[in-house]
Amino acid sequence: MLKFILRRLLYMIPIFFGITLVTFVLFNVAGGDPAAQAAGRYATPDQITVMRAEMGLNKPLLNQYFDLVTQLFTFDFGRSWSSKQQISHLITAGIGPSLTVTFPGFVISLLITIPLSLLVAHKRGTFFDKATLVICLALTAISSVVYVLAGQYFFAFRWGMFPISGWDPSWDGRWQYAALPIIIMVSLSLGSYILFFRTVFLDEMYQDYVRTARSKGLGNAKILLKHVLRNALVPIITLVVLQVPFLITGSLLTESFFGIPGLGGLIYQAIQEADFPVIKAMTIISAVLYMVFQLISDILYALVDPKIRLG
Amino acid sequence: MSTVATQNFVPVAELKAAKGRSLWQDAFRRLRHEKVAMISLAIIIAYLVMAALCAAGLLFTNYNVTDHGAAYLPPGAGHWMGTDIFGRDVMARAAHGTITSLIVGFFGAALAVVIGTVMGAISGYFGGVIDELIVWFYTTVDTIPYILLVVAFSFVVGPGLSTLCLAIGLTSWIGHCRIVRSEFMKHRDREYVHGATALGAGHARRIFVHILPNVFHLVLINFSLGFVTAVKSEVILSYLGLGVAAGTPSWGMMISDAKLELAREVWWGLAAATFFMFFLVLAFTLFNDALRDALDPKLKSR
Amino acid sequence: MLTRFLVIFSASLFLSYCTRGSKVSENSIQFPMKMNLSSLDPAQASNEATNEVGPNINETLLQYNYLKRPLTVEPLLAATMPTVSKDGLVHTFKIKPGVRFHDDAAFKDGKGRELVAADFIYAWKRLADPKSKSEGWWIFDGKIKGFNEWRDKLTKGEATYETAIEGLQTPDDHTIVITLSKPYYQLYYVLTMIYSSPVPKEAVDKYGAEFLNHPVGTGPFVFVNWIRGNKVVLKRNPTYHGSLYPSAGEPGDQEAGLLADAGKPLPFVDELIFHEVPEDQPRWLNMMRGNFDISEIPKDSFDGAVGPDKELKADMKAKGFELKKYKVQEVVYMGINMDDPVLGKNRNLRTALCYAYDQKTPIERFYNGRAIVAHSMIGPDMDGYDESFKLPCKEYSLEKAKEYLKKAGFPDGKGLEPIEYSFPTSATGRQFGEYVQEQFGKIGVKTVLTGNSWPQFQDRLRNKKAQMFGIAWGADYPDAENMMQLLYGPNVSPGPNSANFKNKEFDKLYEEASKMPPGEARTVAYKKMRDIFAAELPWIPTVHRLGFQLSHGWVENLKPNKTLPNPFKYMKVNLEKKKALKAKL
C-alpha cells in the first residue's frame with residue numbers, strides 16, 4: 001500500500017510538469033504579447049516597455065517558463081489587469097465565499113440525490129424510472145441562467161424570502177446571503193446528479209455478484225442496500241473527492257448575480273474582461289488542485305478496494 | 001456545477017460475437033424492438049432533416065427577415081413562438097439554431113472520438129513508453145478545468161464556429177481514450193490477434209483491421225454521448241461570448257439574449273431555444289441508453 | 001458527521017436570517033456600479049467605477065459648480081480662482097490653508113498632515129512617470145514648460161522626483177505657479193479631473209504597489225474597505241475642510257428644491273456605499289426594493305417603469321420614485337479605419353453606408369427613445385454644437401445609399417469584400433452588430449461581425465486591425481476639443497484617434513483652435529472642423545444619448561450630469577420621507 005502511495009506521489013511530478021507546460025504554451029507562446037493590453041488603450045510606448053519588463057516578457061522563453069513555475073511555488077501570480085489587485089490576494093479572499101455556497105449545496109445535493117437514484121435504479125424500466133429520466137433531462141436542458149434569474153426574481157424579490165443580492169463577510173451574516181444561492185445550486189445539480197448516480201447503480205446491479213445474491217434468494221431491497229450501495233460507494237467517493245476542486249472554484253453565474261465575492265465571480269469577470277493573468281492563475285491552480293484530489297481519490301479507491309492497483 | 005463526468009461509465013465489455021449472428025446484426029435486431037429507441041432515432045432524424053432543409057433554404061426561410069415594427073410579438077397566429085428584438089420569427093431562428101448545434105455536436109464529438117480512438121488504440125496496443133507518454137498527456141490535459149481550457153483556447157485562436165468545434169473536440173476526448181486504451185490492452189494478446197500476426201499482418205493492420213472493429217461499438221456510444229455534451233457546451237460558451245459569430249442563429253445566443261429580455265417579460269426566445277434543445281438532448285440520451293443496452297452483451301441476460 | 005454539520009448549518013441559517021438587521025447607517029447613499037472597481041490610485045483612474053468612487057476621497061484644485069449649466073469651474077482645494085498672466089501662460093494658484101489629509105498610518109502619529117503645494121507637484125510627476133502606468137499623462141503632455149523634458153530624463157535615469165521643473169514652481173507651501181509652454185484653455189477643466197488630485201508621498205512610499213488599496217486624500221469621505229466583487233464602503237471625513245453647498249443656481253433650481261441647503265457645509269450623508277453589480281436584474285430589483293438609492297434604468301426594464309410620454313408610470317410615482325432627465329456630452333459612433341485600403345479611401349462608400357443605416361429602430365429598441373440623432377462629433381451642450389446642423393446622410397434613404405454605392409464602384413455591393421465590424425461583446429453589443437449587418441445587407445453590403453472582450457477590442461483599435469468599429473466617447477470636460485482630438489492627425493493609433501483620420505486642414509484648424517480662448521472665433525473654427533468631418537466621414541455618427549436617472553423620493557439635491565465627477569457630497573437623505581416611502585415598497 002505504502003509503495004502504491006509513494007509511486008502515485010512520484011507520478012505527480014510529471015503531471016505537474018505537464019500542467020505548467022500546457023498553460024505555458026497556451027498563454028505565453030500562443031497568446032502573443034499581452035503587455036500592450038495590460039498597459040491600457042492610451043498607454044505610451046515607454047509605458048508598454050515598462051510593462052513588458054515587469055511582466056518578464058523580454059526574457060527568453062525558457063526563463064519565462066521558470067518564472068511560471070516560480071509563480072506557482074511562491075503563490076505570486078502578479079496583478080490582475082482589470083482590478084489591478086494582487087492575484088494571490090484575490091484568490092485567497094475568494095475561496096471562503098465560494099465554499100460557503102458550494103459546500104453546503106453539494107452536501108444537500110448528495111443527500112437528496114443518492115437515495116432518490118437508488119430508488120429509480122431499483123425501479124428500472126418502470127414508468128417511474130422513465131418519468132424521472134425525462135424530468136432530470138429537462139432539468140439539465142434548461143439553462144442555468146433561468147434558475148438564477150427565476151430564483152432571484154421569485155424567491156428574493158416577489159416573495160421577499162431572501163435578500164436580492166449582497167454579502168456579509170462575518171460568519172453569522174453570510175448565511176442570509178448564501179441561502180438562496182445554495183438552493184439554486186442544489187436545484188441545478190439535481191438533474192445531472194440523479195442521471196449520474198442512476199447509471200452508477202445500474203452498472204452495479206448487472207454485476208455478477210448481484211445475480212449470485214439473487215440466486216441465493218435475497219430480496220431486491222436487501223440486495224440494493226447491502227450490496228449495490230456498498231459497491232457503488234467506490235464511484236461515489238471518487239465523484240465526491242473529484243468535485244472538491246470545483247467546489248473551491250465556485251459557480252460563475254450564481255456568484256456574479258448575487259454579488260458573492262468568490263472565485264466563480266472572479267473567473268466570470270476575468271473571462272468577460274480577458275484578464276489573462278487571472279485566467280492563467282486560475283487555470284494552473286485548478287489543475288494542481290484537481291491533480292491533488294485525484295491522488296486522494298486514487299488512494300481512497302485503493303483503500304476501499306485493495307484488489308485495484310492503479311498504475 | 002454540471003461538471004459531473006457522465007462519460008466514463010461505459011462498462012468495460014467482454015466482446016465476443018454470438019455464434020452465427022454478428023454482434024452488429026444482433027444489436028440492430030434488439031434495437032429495432034425497443035420502441036423508445038426507435039422514437040428517439042426518429043426524432044434525431046427529424047432534427048437532421050429539418051437542419052438540412054433549413055440549410056438548403058427550403059424551410060423557415062424567414063429566419064433572417066426583420067420587421068422592426070413587429071418586435072417582441074408574443075406567440076400567436078403569425079409567429080407561433082413570437083418574434084425577437086428585430087421582429088424576426090423566433091421559431092425560425094430556433095430551427096436554424098439546430099444547424100449550429102448539430103455542426104458543433106457532430107464535429108466536436110467526431111474530433112474527440114477520432115483523437116480518443118487513435119490515442120487510446122496506440123497507447124493500449126503498444127504499451128510501454130508510448131503508453132506512458134499518452135497516459136501522461138491525457139492525465140495532464142484532464143486536470144485542467146474544461147471551461148478554462150476552452151476559454152484560453154478561444155482567446156488564443158479567436159472565437160468562431162470552427163474554434164468552438166476544435167475547442168470542444170480537443171478537450172473532451174480523454175474519457176473515450178481511456179476506455180479504448182483498456183480495451184486494446186485486453187485484445188492485443190487475444191488468439192485472433194496472434195493469429196493475424198502469424199499471417200504477417202503489420203501493426204497498423206492489426207490495430208485497425210483486426211482489433212478496432214471489436215471495440216467499435218464503444219466509439220459509437222461515446223460519439224453519441226459526446227454529441228450531447230458538445231451541444232450543451234455551445235450554449236454555455238455562447239453565453240460567455242465565446243460562441244459562434246453574431247448574426248448566426250444559435251440556441252446559446254437566444255438564451256444569452258433572454259438574460260436581459262426576461263425583464264420585459266419576453267420569455268419566448270428562451271422557451272423556444274430550451275424547447276428545441278430539450279428534445280434533441282432527450283432523444284440523444286434515450287437513444288444512447290438503448291444503444292448501450294443493445295451493444296453491451298453483458299446486459300443481454302436481462 | 002454530515003448530518004451534524006447540516007443541523008448546525010440550517011440552524012445558523014435561520015437564526016441569522018431572523019436577526020438580519022442593517023448595520024448600515026440609514027443616513028447613507030447606496031449606489032450600484034455597473035463596472036467592477038479597479039485601482040483607487042488617482043493616477044490610475046481610467047476605469048469608470050474608479051471615477052465614481054475616487055472623487056469622494058481625492059479632491060482637485062478646481063471643481064464644477066454643482067448647479068450651473070453649462071458646467072462652470074470654481075475653486076475646491078484652491079482658495080480662489082487663479083490669477084493669470086497677460087499672455088495667458090502663467091497661472092498662479094493659492095491653496096486653501098488648513099486642508100488636512102485623511103488620518104492614515106502613513107503619517108506621523110497617524111494624523112493627517114496639512115496639504116501643501118508640493119503634494120500637487122508630486123502627484124503630477126507621478127502621472128508623467130512611466131513606472132506608475134498612468135493613463136492620465138495626456139492631461140499635461142506637451143502643455144507645461146519643461147515637463148516633457150523632465151519625463152524623458154526620468155525615463156533615462158537622469159532626473160529624479162526632486163529635480164525641479166521650470167513650469168511647475170512652488171514659491172511657498174500654499175502657492176503653485178504653472179507656466180504653460182503654449183496656450184491651454186482646457187487647463188482648468190483637467191484640473192477638475194481626479195488624475196490631478198494631490199497625493200501624499202508618505203502614503204505612496206509606505207504602501208508601495210498596494211497604494212491603490214489605500215487611497216489617502218482630502219475629500220469629504222474616507223475609504224473604509226472594499227470587498228472585491230461586492231462593495232466599497234466610504235464614511236464621512238470628520239476633519240473635512242468643509243466645502244459648501246452652492247448658494248446660487250440657475251433659474252428653476254429654487255423651485256426644484258435644489259437650493260434648500262444653500263451655503264450649508266458638505267457632505268450630508270454619513271456613509272457612501274458603492275455596490276459592484278454588473279448584472280441588470282439584481283441592480284434593478286434592489287432599486288425597486290429600495291436597497292439602492294439611485295440607478296439608471298436598464299433598457300429592458302424601461303417600458304415597465306416609464307410610459308410612452310417618457311414620464312414615470314403612475315405606480316412608480318406612487319411609490320415615490322423620481323425621474324431626472326439630462327443631456328450627456330457624448331457621441332456614439334461607428335468609426336471607420338481610414339487606413340483601410342477599401343473603406344478608408346472611398347468616400348462614396350462611406351456615404352453609402354451612412355445613408356443605409358436607419359437610426360429610428362436603434363433609438364427605439366436600444367435606447368427606449370432616450371437618444372437623439374447625432375449629426376457630428378460634437379455632443380449636445382458643447383461649444384460648437386448646433387442643433388440646426390444636419391449631416392445629409394443621416395437622412396435614411398436606401399435609394400441614395402444605392403446611388404452612392406454605385407458611384408463608389410460597387411453597384412449593389414458587387415465586388416465589395418465583406419466589411420469587418422468590431423464591437424465589444426455583450427448581449428446588447430452583439431444585437432447592435434446584428435442590426436448593422438442587417439442594415440448594410442439591404443444595399444447588398446456584407447458584414448462580418450467580430451465580438452471581442454473590451455481589452456481585446458481596444459487592442460484591435462490600437463493595432464489598426466478593425467475595419468469598422470462601434471464605440472462611444474463621453475467628454476472628459478465640456479469642451480468640444482475633447483471630441484476633436486479623437487480626429488487629430490498626430491493622435492492616430494496607438495493614440496486616441498482610432499479612426500486614423502489624417503487631414504491637413506483639420507489638423508491646422510485644431511492647432512489654431514487650441515490657441516484660441518473660448519469665444520466666437522473658436523466656435524467658428526470648431527464648426528469648420530465639423531464641416532471637414534461631414535465631408536470626409538471618418539465616422540458614421542449615430543446618436544447622443546440622454547441621461548435618465550431614477551431615484552427614490554428621499555434622496556434630495558439631485559442634479560445629474562455625467563461629466564461632473566463628485567455629485568455624492570451634495571446628496572442628502574430625508575430620513576422621515578425614507579421611512580414613509582420604504583414602507584410602500
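In chain C, strand β15 (residues 419–424) and strand β16 pair in the parallel sense over 6 bridges. The structure is a predicted model, in which local features need pLDDT of at least 70, side-chain atom pairs count only at pLDDT 80 or more, and totals for chains, interfaces and linings use all residues. Residues are numbered from 1 along each chain as its sequence is written, while chains are lettered from A and ligands numbered from 1 in the order in which they are written.

## Strands of chain C

A residue is buried if 20 or more other C-beta atoms lie within 10 Å of its own, exposed if 12 or fewer, and partly exposed in between, with C-beta atoms placed from the backbone.

Chain C also has an open sheet of 4 strands with antiparallel pairing, in the order β4-β5-β7-β6. Its edges are β4 (83–84) and β6 (168–169) of chain C; each has a single partner strand, so one side of each is left without a neighbour in the sheet. Strands β5 (residues 90–94) and β7 (residues 175–179) of chain C run antiparallel and are joined by 5 bridges. Here K94(C) has T175(C) in β7(C) as its bridge partner.

## Contacts between chains

Two residues are in contact if their C-beta atoms, placed from the backbone, lie within 7 Å. By this criterion, 44 residues of chain C are in contact with 44 residues of chain A. On the side of chain C that touches chain A, the largest share comes from α1(C), with 7 residues. That side divides into 17 nonpolar, 17 polar and 10 charged residues. In this division Ala, Val, Leu, Ile, Met, Phe, Trp, Tyr, Cys and Pro count as nonpolar, Asp, Glu, Lys and Arg as charged, and the others, Gly among them, as polar.

Towards chain B, 21 residues of chain C are in contact with 17 residues of chain B. Helix α13(C) gives the most to this side of chain C, with 8 residues. By class, the side of chain C that touches chain B has 5 nonpolar, 9 polar and 7 charged residues.

Chain A is divided into domain 1 (2–74) and domain 2 (99–310), with bounds from an automatic or database domain assignment. The centres of these two domains of chain A, taken over C-alpha atoms, are separated by 32 Å. Their contact takes 13 residues from domain 1 and 12 residues from domain 2 of chain A. Helix α1 (residues 2–29) of chain A gives the most to the domain 1 side, with 10 residues.

A nonpolar core is a set of buried Ala, Val, Leu, Ile, Met, Phe, Trp, Tyr and Cys residues joined through C-beta atoms within 7 Å. The largest such core has 323 residues, of which A94(B) and A352(C) touch the most other members. Helix α8 (residues 171–205) of chain A provides the largest share of this core, 19 residues. Both domain 1 and domain 2 of chain A give residues to the core, so it lies between them. Leaving aside neighbours within four places in sequence, A352(C) is in contact with A401(C), Y404(C), L405(C), A408(C) and I443(C).

## Backbone angles

Most residues other than glycine have a negative phi, and most peptide bonds are trans.

| Feature | Residue or bond | Angle |
|---|---|---|
| cis peptide bond | R69(C) to P70(C) | omega near -5° |
| cis peptide bond | L266(C) to P267(C) | omega about -10° |
| positive phi | F75(A) | phi near 55° |

P70(C) is found in the loop between β2 (62–64) and β3 (73–75) of chain C. F75(A) lies in the loop between α4 (61–74) and α5 (87–122) of chain A; with 12 C-beta neighbours inside 10 Å, F75(A) counts as exposed. Y72(B), in the loop between α2 (35–55) and α3 (90–126) of chain B, counts as buried, with 20 C-beta neighbours inside 10 Å.

Key
Helix = DSSP H or I, 4+ residues; strand = E, 2+ residues; numbered from the N terminus. Pairing = 2+ DSSP bridges.
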